[in-house]
Amino acid sequence: MSIGIDPSALTNCTVETCDILSSFYNYRIELGPNVAFLTLFSIAVPWFVGIWLVTRRAAWFTITMLLGLAAEIIGYAGRIISYENQWSQNGFLIMAISLTLGPTFFSAAIYLCLAQIVIVYGPENSRLAPSMYTKIFIPCDIVAILLQATGGAMGAVALVGGQDLQNSDNVITAGLSSQVFTLFLFMILCIEFGIRVRRRRQQQGNEAALSQEPHLVAVRTSKWFVGFLSAVGLATVLVFWRCCFRVAELNQGFMGPVTFRQDLFVGFEGILMILVVALLAIFHPALCIGEAITEKSAVSRQTHQHLTF
């Protein structure tokens, strides 16, 4: 699909002198919502950093969340830059690449949580060993990130040269599609694990089906842990929903008609990602799982090493 925009011919365009349909956005950017999302994502950064500094737990979870937040912040900063000049490709590229990558890091953070949930309920109830969830899903997420980043770079080169964006569209769509597939598989395994735990509890009772290590019992009976399970489940669905939307969007081209709907691109996607961050911030795994570990036995120390992910 040809982009239909010659950047050099629109260098001196402003909203007063050029038709808004000739810009990279095809609509006048609303500054308020973009500033609001930038502010909300920025507020979340010290929250996640602060929890790690206080608990010293969930380091990798914190890193992936911060990377996702950084991508969202940079993306909305790109949209605010574009507000001043919607015909400048710099702000557009910053926005397009960053907001495409952000949720991929959030999904990585979610993947890290499943191994901890399996440990709490007992590896014997899982089809896979806890470490296998990380070994399977994180590499898949890295592939999705690389594909989307490569597609974004190809799109940047194409825009600079006024070339066709179809190849970059295809690569980004491949990255998003792989993320959708990985998330779908992840959800299937989560549901299957939940069914296995419930079935064993019904057949054998809690004491036989689940570990009775005091710290694990404390975690399982905590209301915060129940909230954590719900938060992770809902966050997974929201990221999956967003990825499906982006696949449908880019199926019509990087600058297709869906991209030119500000209510969908900013309102819908932005709200979904804010909800994901809010859920994982309130029900942070370092608080909902880590604080309940008090035992110092060999088994507890081994579990503690897994839980401080």
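A salt bridge is a side-chain nitrogen of Lys or Arg within 4 Å of a carboxyl oxygen of Asp or Glu. This predicted model holds 3 salt bridges.

**View 1. Glu192 and Arg127 form a salt bridge.** The closest N and O atoms of this pair are 2.6 Å apart. Glu192 sits in helix α5, which covers residues 166-204. Arg127 sits in the loop between α3 (89-121) and α4 (130-160). The two residues are 65 apart in sequence, so their contact ties together separate parts of the chain. Arg127 counts as exposed, at 53% relative accessibility.

**View 2. Glu192 also forms a salt bridge with Arg196.** Here the closest N and O atoms are 3.6 Å apart. Both residues belong to helix α5. They are 4 residues apart, about one turn of the helix. Arg196 is partly exposed, with a relative accessible area of 27%.

**View 3. Arg127, Glu192 and Arg196 make up a network of salt bridges.** Glu192 pairs with Arg127. Glu192 pairs with Arg196 as well. Look for Arg127 in the loop between α3 and α4. Look for Glu192 and Arg196 in helix α5.

**View 4. Glu269 and Arg242 meet through their side chains in a salt bridge.** The N to O distance is 3.4 Å. Which helices does this pair link? Glu269 lies in helix α9, residues 262-282. Arg242 lies in helix α8, residues 223-250.

**View 5. Residues 61-81 are listed in UniProt as a transmembrane region.** That annotation comes from an unreviewed entry. In the model, the span is 100% helix and 0% strand. Its end C-alpha atoms lie 30 Å apart.

**View 6. Residues 224-248 are also listed in UniProt as a transmembrane region.** What is the helix content of residues 224-248? The span is 100% helix, with 0% strand. The C-alpha atoms at its ends lie 36 Å apart. Other spans in the UniProt list include residues 35-54, 93-121 and 142-160.

Technical notes
Residues numbered from 1 in each chain as written. Predicted model: local features only at pLDDT ≥ 70, side-chain atom pairs only at ≥ 80, totals over all residues. Heavy atoms only, no water. UniProt positions renumbered as here; feature names shortened; annotations may be inferred. Buried < 20%, exposed > 50% of the residue type's maximum accessible area, 1.4 Å probe, protein only.
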